[in-house]
Amino acid sequence: MGSNSIRLSGSGTSGVAAPTFGPIDAVVFDTDGVITRTAELHRAAWKRLFDDYLMTHGGDRQRPFSDEDYLAHVDGRPRYDGVETFLSSRRIDLAYGERADAPDVETVCGLGNRKDEYFQAEVAKRGVHAYDTTIAFMDALRSFGVVMAAVSASENQRLVLESAGLLGSFDVLVDGVESRELGLAGKPDPALFLEAAARLAVEPARTAVLEDARSGVAAGRAGGFGTVIGVNRGGRPDSLRAAGADVVVDDLEDLSVHQHPDGGCQLHVEDRS
Ligand SMILES: [Mg+2]
């Protein structure tokens, strides 16, 4: 455990008391973007999929898939929704198909399944890296007895955590495979987070949610979680605040863990501006 992950209140230079959240007994982490640096791998897989596909369509529809396309049409959405939303932005209408469609079938599901193959190939090729600061924060939480869950809408959560060496680091995992089997609605519905809290046997009101997507922040708020912290990875902190985040940080190094007299913990947010 890095001692710098448990900072004392008032250790910042501003002289203003750090905003404090809690008490909490548990933390539920979103996976992609909060624990792991997977956005880059997803973006590369989406770009490969759509740039190939757009080649077969004429006119301005051929314009390559851009970072703006990723943020506007794909990021945070379930895979098939992302395919549909992006294609309709280029006025391309494609049959939905079925989940079982092979990756070479030209349907929304087929393209989504092809993207999944590309993503898994990126993981195999480049490996998944976790944020060191998230690992330090987890170490601090563990030293205070705070229980932890990792939640993801992705069916690749276990693959991603295993590649990052973190598969055994959480008390509870809830992924896209289970959420489909249990019939849980996707974010912004709070079902995934509530399932994690139930399995941790904690009260949502005494649980913090950490999320980098607008839909996930909204889910934390809708689920009655006591603390919802937005993690700004994409440069859009206002959209996380608008979705209901109590506070937005650029990285988990801005958070420190402190004992609360009732046995739980409090989170302090350091002002680094
Ligand atoms: Mg995320």
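The mean pLDDT of the protein is 90, and 92% of its residues reach 70 or more; pLDDT is the predictor's confidence in each residue, from 0 to 100. This is a predicted model, in which local features need pLDDT of at least 70 and side-chain atom pairs count only at pLDDT 80 or more, while totals for chains, interfaces and linings use all residues. Residues are numbered from 1 along each chain as its sequence is written. The protein has 10 helices and 9 strands, where helices (H or I, at least four residues) and strands (E, at least two) are DSSP runs numbered from the N terminus.

**Confidence**

- Over residues 1-14 pLDDT stays under 50, and the model has 23 contacts beyond four places in sequence for this stretch. Two residues are in contact if their C-beta atoms, placed from the backbone, lie within 7 Å.
- Where pLDDT is low, the predicted coordinates should not be read in detail.

**Overall dimensions**

- The C-alpha trace spans about 65 × 40 × 35 Å along its principal axes.
- Of the 273 residues, 43% are buried. A residue is buried if 20 or more other C-beta atoms lie within 10 Å of its own, exposed if 12 or fewer, and partly exposed in between, with C-beta atoms placed from the backbone.
- Among contacts between residues at least 6 apart in sequence, 61% join residues at least 24 apart.

**Domains**

- The domain assignment gives domain 1 (5-37 + 129-269) and domain 2 (39-126); such bounds come from an automatic or database domain assignment.
- Taken over C-alpha atoms, the centres of domain 1 and domain 2 are separated by 28 Å.
- Domain 1 contributes 14 residues to the contact, and domain 2 contributes 9 residues.
- On the side of domain 1 that touches domain 2, α6 (157-163) and α9 (214-222) each supply at least two residues. Helix α6 gives the most to that side, with 3 residues.
- The residues of that side of domain 1 divide into 4 nonpolar, 6 polar and 4 charged. Here Ala, Val, Leu, Ile, Met, Phe, Trp, Tyr, Cys and Pro count as nonpolar, Asp, Glu, Lys and Arg as charged, and the others, Gly among them, as polar.

**Nonpolar cores**

- The largest nonpolar core holds 50 residues, of which V27, V28, F29, V151 and F193 touch the most other members. A nonpolar core is a set of buried Ala, Val, Leu, Ile, Met, Phe, Trp, Tyr and Cys residues joined through C-beta atoms within 7 Å.
- Helix α8 (residues 191-200) provides the largest share of this core, 5 residues.
- Not counting residues up to four places away in sequence, F29 touches V34, I35, M148, A149, A150, V151 and L210.
- A second, separate core has 16 residues, including W46, L49, F50 and V108.

- Helix α3 (residues 79-89) has R79, G82, V83, E84, F86 and L87 buried. The buried residues of α3 pack against α1 (39-54), α2 (67-74) and α4 (108-126).
- R91 is placed in the loop between α3 and α4. Its phi is positive, about 60 degrees, although R91 is not a glycine.
- R91 is exposed, with 10 other C-beta atoms within 10 Å.
- D93 lies in the loop between α3 and α4 and counts as exposed, with 7 C-beta neighbours inside 10 Å.
- D93 and V108 are 15 residues apart in sequence, and their C-alpha atoms are 9.3 Å apart in space.

**Backbone exceptions elsewhere**

- A201, in the loop between α8 and β5 (207-211), has a positive phi near 60 degrees and is a residue other than glycine.
- A201 counts as exposed, with 11 C-beta neighbours inside 10 Å. The C-alpha atoms of A201 and V147 are separated by 9.6 Å, and the two residues are 54 residues apart along the chain.
- The peptide bond from G22 to P23 is cis, with omega near 10 degrees; P23 is in strand β1 (residues 20-24).
- The peptide bond from K187 to P188 is also cis, with omega near 15 degrees, and P188 is in the loop between α7 (176-181) and α8.
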